[in-house]
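I opened the notebook to look up a metal site and its surroundings in a model. My entries follow in the order in which I checked things.

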Amino acid sequence: MINCTDFMVEIGNYLDGDVAAEVRAQIESHLAHCQTCQVVYDSARKTVKVLTDCGSFDLPDAIAKPIAEKVMAKIRSAT
Ligand SMILES: [Zn+2]
């Protein structure tokens, strides 16, 4: 069984999917009954998601919007 300290050590790897199946199972069973780690896991997961979403969107709005509008104008004039 792992404790909260072990969980904190492994959470980064766990979020990356970079843990052995055995460790993953232990983390999940700890999460199932530890409210503190559930909260930590939840906020860590959200932070990672925000960072990942930003990383996958490489065009800033100021550039993407005029392009989208030009494309839309073309589509509109073609129909
Ligand atoms: Zn815990």
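I began with the exposure of C4, and I noted it as partly exposed because its relative accessibility is 32%, where buried means under 20% relative accessible area, exposed over 50%, and partly exposed in between (1.4 Å probe, protein chains only). This is a predicted model, in which local features need pLDDT of at least 70 and side-chain atom pairs count only at pLDDT 80 or more, while totals for chains, interfaces and linings use all residues. Residues are numbered from 1 along each chain as its sequence is written, and side-chain values use heavy atoms, with hydrogens and water left out.

Next I looked up the metal site. The zinc ion is coordinated by C4 through SG, H30 through NE2, and C34 and C37 each through SG, at 2.0 to 2.3 Å; donors are N, O and S atoms within 2.8 Å of the metal (3.2 Å for Na, K and Ca), and since water is not among the atoms, sites may look incomplete. I recorded the site as tetrahedral, with angles of 101 to 115° among its four donor atoms; four donors count as tetrahedral if all angles lie between 85 and 135 degrees. The spacing of the donor residues in sequence is C-x25-H-x3-C-x2-C.

C34 counts as buried because its relative accessibility is 10%, and C37 is buried because its relative accessible area is 0%. H30 lies in helix α2 and is buried, with a relative accessible area of 5%. Although H30 and C4 are 26 residues apart along the chain, I found their C-alpha atoms separated by 8.0 Å. Leaving aside neighbours within four places in sequence, H30 is in contact (heavy atoms within 4.5 Å) with I2, N3, C4, F7 and C37.

With several cysteines listed, I also looked for disulfides, meaning pairs of cysteine sulfur atoms within 2.5 Å, and the structure holds zero of them.

Which residues form an aromatic pair that is tilted? I found Y14 and Y41, at 5.6 Å centre to centre with 55° between the planes; rings of Phe, Tyr and Trp (its six-membered ring) pair if their centres lie within 6.5 Å, and planes under 30 degrees apart count as stacked, over 60 as edge-to-face and the rest as tilted. Y14 in helix α1 and Y41 in helix α3 are 27 residues apart, and both are buried.

Last, I turned to the whole chain, which has four helices and zero strands. Its mean pLDDT, the predictor's confidence in each residue from 0 to 100, is 83, and 80% of its residues reach 70 or more. Confidence is highest in α2, at 95, and lowest in helix α4 (residues 61-78), at a mean of 73.

Note on methods
Four donors count as tetrahedral if all angles lie between 85 and 135 degrees; four count as square planar and six as octahedral if opposite donors are over 155 degrees apart and all others between 65 and 115; anything else is irregular. Helices (H or I, at least four residues) and strands (E, at least two) are DSSP runs, numbered from the N terminus.
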